[in-house]
Amino acid sequence: MGLLVDGQWHDVWYDTAASGGRFVRKDSAFRSFVTADGSPGPTGSGGFKAEPGRYHLYVSLACPWAHRTLIMRTLKGLDEMISVSVVHWLMREQGWTFANGPGVVPDGLNHAQLLHQVYTAADPRYSGRVTVPVLWDKAQRTIVNNESSEIIRILNSAFDGVGAAPGDYYPHALRDEIDAINARVYDTLNNGVYKSGFATTQGAYEEAIAPLFATLDWLEDRLATRRFLLGDVLTEADVRLFTTLIRFDAVYVGHFKCNIRRIADYPHLSAYTRDLYQWPGIAATVNFEHIKRHYYESHRTINPTGIVPVGPQQDFTAPHGRERLVP
Ligand SMILES: N[C@@H](CCC(=O)N[C@@H](CS)C(=O)NCC(=O)O)C(=O)O
């Protein structure tokens, strides 16, 4: 794990000393948008027109943020239009790499061995973290965006005029409610598991755990009467929640110490997780070998032996029974 300073790689772990042992996530750096006509989006610069074959995603199958973008790519039928490279699950001294391994898809575009070489290909003086996902533009040979919440919005609508599958996962009428749910789920759960797992003081850990389980309890209630977070339609809020839930019992309960309850202990949340897993296209985006091996083998400050637990036994293909919730 490390970061780039002025284009040079430095191998350093997260610095929690200045924040009382708390893990504080940095904002992503590349914030432009692909749009139907190439006009600028809400942030960044213009010039990124939606065209089949022009864009590429760099992802990790372990990473919940990158996982969002893979699911949205599938839901929108963009698999042929947007190519993908997959990094190796192990993230150590050199950060993400393209070392050989099952499920790794090498970088056929920039021929990078290390993900930080993709960042310096875009900006030779880049300073900051080297994270997945990355949306790359083959035409301008640069990074368009490396913020998953924005990449999924791009995939949701920018390619609609050039052959994307129908479906709007951020519909106008539901935006306020989606934004409100996203805000709570992001802070306490998507990022909450990291705040818990990367905390280096007892206080910082406990500060993350209480709101995390309060949110899971709240979601359990909400999903008792609704098939999806917003009712009977699948939205980006579900995609964003799912990538944390699917990792929870396998990784966050043990490795990140989020162990008051498991998702398996919540009847509605666990059935909801199976429902989404069984949604067309989604199971193929889930890779437990990358997920488990990434966390347990990479974070040696948390798990010095690198031993990967064998369990838990889970069956996401079991019936979920949630069709009955649709009016
Ligand atoms: N805000 C970013 C976060 C992405 C992120 O933190 N990805 C992790 C993997 S799960 C990563 O690449 N970490 C490497 C690092 O922090 O050095 C997003 O949502 O796209």
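Okay, let's start at the ligand: it has 14 residues around it, and the ones that come nearest are Cys63, Trp65, Arg129, Thr131 and Ser148. By class, that shell divides into six nonpolar, six polar and two charged residues. Keep in mind, please, that what we're looking at is a predicted model.

An unreviewed UniProt entry lists Cys63 and Tyr194 under "active site". They're spread over 132 residues of sequence, yet they cluster in space, with a largest C-alpha distance of 11.7 Å.

So where do these two sit, and are they buried or exposed? Cys63 is in the loop between strand E3, residues 55-59, and helix H1, residues 64-75. Cys63 counts as buried, because it has 25 C-beta neighbours inside 10 Å, and the cut-off for buried is 20 or more. Tyr194 is in helix H5, which covers residues 192-197. With 17 other C-beta atoms within 10 Å, Tyr194 comes out as partly exposed.

Now the overall layout. The chain is divided into domain 1, residues 3-162, and domain 2, residues 172-325. Taken over C-alpha atoms, their centres are 22 Å apart. Where they touch, 27 residues of domain 1 are in contact with 29 residues of domain 2. On the domain 1 side, the elements giving two or more residues are H1 and helix H3, residues 148-157.

Why do we call E3 largely enclosed by the rest of the structure? Because five of its five residues are buried. Both faces are covered: Tyr55, Leu57 and Val59 are buried on one side, and His56 and Tyr58 on the other.

What does E3 pair with? One partner is strand E6, residues 134-137, joined to E3 by four bridges and running antiparallel. Tyr55, for instance, has Asp137 as its bridge partner in E6. Another partner is strand E4, residues 83-86, which pairs with E3 in the parallel sense, over four bridges. There, Leu57 is bridged to Val84.

E6 also pairs with strand E7, residues 142-145, in the antiparallel sense over three bridges. Leu135 finds its E7 bridge partner in Asn145. These two strands form a hairpin with four residues between them, and in that hairpin Arg141 takes a positive phi near 50°.

Most residues other than glycine have a negative phi, and most peptide bonds are trans. Here, though, Val132 and Pro133 are joined by a cis peptide bond, with omega about 0°. Pro133 lies in the loop between strand E5, residues 128-129, and E6. There's also a cis bond from Gly311 to Pro312, with omega near -5°, and Pro312 is in the segment after helix H9, residues 288-298.

As for positive phi, Asp6 has a value near 55°. Asp6 sits in the loop between strand E1, residues 3-5, and strand E2, residues 8-10. Asp6 counts as exposed, because there are 9 C-beta neighbours inside 10 Å. Then there's Lys257, with phi near 60°, in the loop between helix H7, residues 236-252, and helix H8, residues 267-277. Lys257 is partly exposed, with 16 other C-beta atoms within 10 Å.

Notes
Residues are numbered from 1 along each chain as its sequence is written. This is a predicted model: local features need pLDDT of at least 70, side-chain atom pairs count only at pLDDT 80 or more; totals for chains, interfaces and linings use all residues. UniProt positions are given in the numbering used here, feature names are shortened, and annotations may be inferred rather than shown by experiment. A residue is buried if 20 or more other C-beta atoms lie within 10 Å of its own, exposed if 12 or fewer, and partly exposed in between; C-beta atoms are placed from the backbone. A residue is near a molecule or strand if its C-beta atom, placed from the backbone, lies within 6 Å of it. Ala, Val, Leu, Ile, Met, Phe, Trp, Tyr, Cys and Pro count as nonpolar, Asp, Glu, Lys and Arg as charged, and the others, Gly among them, as polar. Domain bounds come from an automatic or database domain assignment. Two residues are in contact if their C-beta atoms, placed from the backbone, lie within 7 Å. Two strands pair if DSSP finds at least two bridges between them.
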